[in-house]
Amino acid sequence: MTSHTTRTESAYDVVLIGGGVMSATLGALLKLLQPDWSIGMFGRLDNVAKESSNAWNNAGTGHAALCELNYTPSRADGTIDISKAVGVNEAFQLSRQFWAYLVESGVIASPRAFLNPIPHMSFVWGDENCDYLRRRYEALKDHPLFGGMRFSTDPAQLAQWMPLVMEGRTAGTKLAATWIASGTDVNFGALTHLLVNFLSGQQGFDLKLSHEVEDLKQDASGAWRVSVRDLTTNTTVPVAARFVFIGAGGGALPLLQKTGIPESKGVGGFPVSGQFLRCTNPDIIARHHAKVYGKASVGAPPMSVPHLDTRVIDGKEGLLFGPYAGFSTKFLKQGSLWDLPKSIRMDNLGAMLAVARDNMPLTRYLVQQVLQSNETRLNALRDFVPNARSEDWELITAGQRVQVIKKDEKKGGVLQFGTEVITGANGTVAALLGASPGASTAVSIMLTVISKCFASELPRWDAKLKEMIPSYGGPLADRPDLCAHVHDWTTRALQLEG
């Protein structure tokens, strides 16, 4: 098909690339802070939230380190390092506050449209793991952000917390679990739609779906010239922007590379796909009401921690187990097999080769995961659901995750499993790369974007930011009174009393 270039140019204060929860969160924050700014959101697909933000493309955990054991490593002396857990929880509290503000201000009519209270649990077996979980519990239980956590090794108590997990379990193995009521299940797809619906009702906001950003260059004035293809008409639309946010999930890396900014040099990506077993039997779904996280196997990456998740999607409960890792060279679920090869440049080749050299256990793990049989997957599920039957579960493919690869002076390159914001020196462009904890901490991540790219505006925005997010500007852990107030307020506003 012949393509055509239009002569009409659109101009915006802010261009958001990607139709997921990250772009939607930044758009909502900026529109509330600066209502007169014009914002354009460009999505490649025919609707928002169809990639990683889609409800079935992730486990929907409100990541607050309440149950995720990879955030609390054991030190050599046996003590538990809770610093990362506290940081993740602090970040999630920012999301809770912003969501509570949106509900109370009428932007979101009902929090139940995207958020539900679901207890979070950690579950382990064996003497060594049970001892670790007890030490973890002791390290967290008195912290203001983790109040209400309970620990037990009593099978009768565990059966109350997670009956499905305890049914049919062979006696004699030492078991331990923690349970906390303040956990949540989040439908990030529904949240994205709610935020975009709000934006669409504001002046100066344009939503352009089936529009693919193909290139972006900075002109002499510092503004960005964005080349966008309308996939419906196959015409190229030139767009001008003062600021560009690249929040296109796995597709962010190729667009960051096209900016040509020095900060993009040496950055690569490693795509990992995920699969889940989804329960199809309503009777089994009804017998489990928690998110239960275990420990990752030796040599497995952090995002492979096995977990059995109650989901609430469109008011209906579901049940997932996984993830099972896979490998594809696509950067997006609806991407191209050429995504990974085309992302390799001379400036990141060395880092990517170094990561390949230093991560052979990860490579072996991925190969094993790709080649495993349905029976092997079912055996992993039976660690959590001893009576699991194959006919009650179906295999589904989740979203693609692209882990960040960066240059390192000592190692040549390192593979990172978190999220990272990369901004240009002049603050006119920002890109979000990486995966977990991702969407749960979207507000924290977008506040980082705002602080880096709109520093001159922050004095004017400070009062509004503190109105929306009372703890803005400092950690809750150091302010126990504010911590208690924020917990009570968000619990009430978001209807998380359970």
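A residue counts as buried when its relative accessible area is under 20%, as exposed when that area is over 50%, and as partly exposed in between. The model examined here is predicted.

**Exercise 1.** Determine how many residues of helix H13 are buried and which elements they pack against.

*Solution.* Helix H13 spans residues 442–453. Its twelve residues reach 16 Å from first to last C-alpha, close to the 16 Å expected at 1.5 Å a residue. Applying the burial cut-off, nine of the twelve residues are buried, and H13 is thus mostly covered. Among them are Val443, Ile445, Leu447 and Cys453. The buried residues pack against helices H1, H2 and H14 and against strands S12, S20 and S21.

**Exercise 2.** Classify the crossing of H1 and H14 from the angle between their axes.

*Solution.* The two axes come within 10 Å and cross at roughly 125°. The contact is formed by Leu29, Leu30, Leu32 and Leu33 of H1 with Trp461, Lys464, Leu465 and Met468 of H14. The crossing of H1 and H14 is right-handed.

**Exercise 3.** Locate Arg112 and identify what its side chain reaches.

*Solution.* Arg112 lies in the loop between helix H2 and strand S4. Its relative accessible area is 34%, so Arg112 is partly exposed. Beyond neighbours within four places in sequence, Arg112 contacts Pro117, Leu494 and Gln495. The side chain of Arg112 reaches the backbone oxygen of Gln495 at 2.6 Å.

Methods:
Residues numbered from 1 in each chain as written. Predicted model: local features only at pLDDT ≥ 70, side-chain atom pairs only at ≥ 80, totals over all residues. Heavy atoms only, no water. Helix = DSSP H or I, 4+ residues; strand = E, 2+ residues; numbered from the N terminus. Buried < 20%, exposed > 50% of the residue type's maximum accessible area, 1.4 Å probe, protein only. Contact = heavy atoms within 4.5 Å. Polar contact = N/O pair within 3.5 Å; in protein donor to acceptor, adjacent residues only side chain to side chain. Expected span 1.5 Å × (residues − 1). Axes fitted to C-alpha atoms, helices over the stretch in contact; angles between N-to-C directions. Parallel < 35°, antiparallel > 145°, perpendicular 65-115°, else oblique. Left-handed = near helix turned anticlockwise from the far one by under 90°.
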